[in-house]
Amino acid sequence: ERLKTKEALENVESLKFQQDGDFFLISLLTDPLSYKMSESNQLVVYSVLKSKKEFWFKNRKKEIGGDLNIVDEIYFAERRFLFFLNADAMGKSIQGASGALILGAAIKSILLRTKHSQTKEESYPEIWIKNIYVEIQQLFETFSCSMLVSGILGLIEETTGLVYYINAEHPFLILYRDGKANFIDREFSTRKWGTPNNEEVIQVKLFQMKPNDYLICGSDGKDDILLKKEDNKQVLNYDEEYILKIIESVGGDANKILNKILEVGNLTDDFSIISIQFQGKRKDFKYSYNEDFKKFQKLFVNEKKNRNYIKAKELCIQMLETYPFDFHLLKQVTLLSLRTGEYETAIQYAKKVIDFYPLESRFLFYISYANYKLNDLNRAIFYAERAYLREIYNVRYISHLAQLYKLVHEYPKAVEYAKRGLQLEPNNFSLLKLSRLCDI
């Protein structure tokens with residue numbers, strides 16, 4: 001009996017050693033995929049990842065889990081962006097770690113490919129992030145729902161602090177500003193990677209950071225904690241806003257957030273968090289207008305009332321020499337150029353608005369419309385897609401896209417957008433007509 005027991009224990013130990021060896025190999029493959037970031041004067045990054053599963057292998061202590069943090073730099077149109085990803089793969093131990101390994105390898109491959117082969121002219125954050133989401137979605141769809149991943153992926157423009165992001169059914173982004181922590185929004189951009197039919201509606205959201213803001217994203221491990229009570233009992237936290245109180249008590253540093261959580265409770269899941277502080281200085285384009293500007297306003301209003309749009313536009317362009325970043329002037333030149341049929345000029349000034357005021361998505365639509373009038377339909381579609389990705393419920397943008405795809409004879413896409421618009425406005429005559437025409 002003792003001999004059998006000894007053999008059984010040896011078998012168990014052998015199996016345990018083999019299992020820990022597998023864990024060790026997975027951890028070796030996953031570790032290089034995590035956080036990476038070059039020095040930046042504008043953005044300070046704090047990244048913490050602590051896996052629930054710990055093990056020893058050949059006197060080395062390691063961790064394995066399904067959470068993943070990736071931070072890297074990338075350039076679009078010669079502007080430096082910070083790429084960030086915080087993700088949580090479904091499953092415990094080796095299942096979750098396998099999902100994180102697959103996701104991490106795919107993301108690293110995409111980043112390397114982008115850095116070496118992107119076409120500068122056509123590389124824009126909205127399009128790039130959407131394409132990443134779709135590529136990862138198609139990869140995880142092959143696992144037939146046996147491997148799902150939630151996550152937030154985004155870009156932050158280093159000089160302006162403008163954030164582009166997609167939330168794939170992950171805990172909401174948090175903003176820590178002036179001592180207060182709040183969720184940026186309470187809506188997902190789309191479902192988890194690997195969910196079937198998950199490419200129909202994808203929204204790229206935008207947010208403008210201010211100097212000294214912290215942007216914080218983390219997995220549900222930061223919420224699912226066992227809180228310590230006075231009677232030595234532990235209670236699972238169900239309050240999703242509890243993390244906001246913790247952040248307000250220690251600030252935006254991810255390491256301090258973890259230490260505070262371990263002070264008030266214990267982790268029940270993998271823990272990962274990325275916090276990014278914006279230290280840059282945004283340009284302030286507000287002006288104290290002088291007497292010349294007041295005279296201009298009177299002349300401009302008078303010319304516009306008399307429908308002398310060309311003269312009104314020339315007045316705006318003249319004032320832009322003194323106030324080159326003024327939103328009102330740039331807007332008027334763009335709109336007046338569209339009205340007078342000077343579409344190249346409209347594109348020129350609309351692009352300036354996007355450069356100085358990147359949240360003004362309607363100017364992407366104006367650029368698209370001007371290109372449509374110039375019969376450059378491919379470029380018109382490109383800018384229309386950018387505008388739509390930012391505002392996926394804007395029927396005007398949807399209808400415009402549907403019409404453009406009809407003109408280039410891509411009828412399935414035209415019908416797709418027409419039907420999407422009809423879900424929002426069922427009685428929209430132009431969309432009804434278009435969907436019937438293209439569906440023949």
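Which side chains meet in a salt bridge at 2.9 Å, N to O? Those of E240 and R186. Let me take that pair as my way in.

Some ground rules. This is a predicted model, so local features need pLDDT of at least 70 and side-chain atom pairs count only at pLDDT 80 or more, while totals for chains, interfaces and linings use all residues. Residues are numbered from 1 along each chain as its sequence is written, and side-chain values use heavy atoms, with hydrogens and water left out.

Now the term itself. A salt bridge here is a side-chain nitrogen of Lys or Arg within 4 Å of a carboxyl oxygen of Asp or Glu. The model has 21 of them by that rule.

Back to E240 and R186, which meet at 2.9 Å, N to O. E240 sits in the loop between β13 (234–236) and α4 (242–250). R186 sits in the loop between β9 (180–183) and β10 (205–208). So the pair ties together parts that are 54 residues apart in sequence.

E240 is partly exposed at 40%. R186 is partly exposed at 46%.

Next pair: R80 and E73. Their side chains meet in a salt bridge at 2.2 Å, N to O. Buried or exposed? R80 is buried, at 16%. E73 is buried as well, at 19%.

K260 is partly exposed, with 22% relative accessible area. E263 is exposed, with 52%. Elsewhere, salt bridges that share partners join E73, R80 and E158 into one network.

Now zoom out to the chain. It has 14 helices and 15 strands. Of its 440 residues, 51% count as buried. A contact means heavy atoms within 4.5 Å. Among contacts with a separation of 6 or more, residues 24 or more positions apart account for 68%.

Last, the surface. Accessible areas come from the Shrake-Rupley method with a 1.4 Å probe; for residues, only the protein chains shown count as cover. The protein chain exposes about 22500 Å². Carbon and sulfur atoms supply 49% of that area.

Key: Buried means under 20% relative accessible area, exposed over 50%, partly exposed in between (1.4 Å probe, protein chains only). Helices (H or I, at least four residues) and strands (E, at least two) are DSSP runs, numbered from the N terminus.
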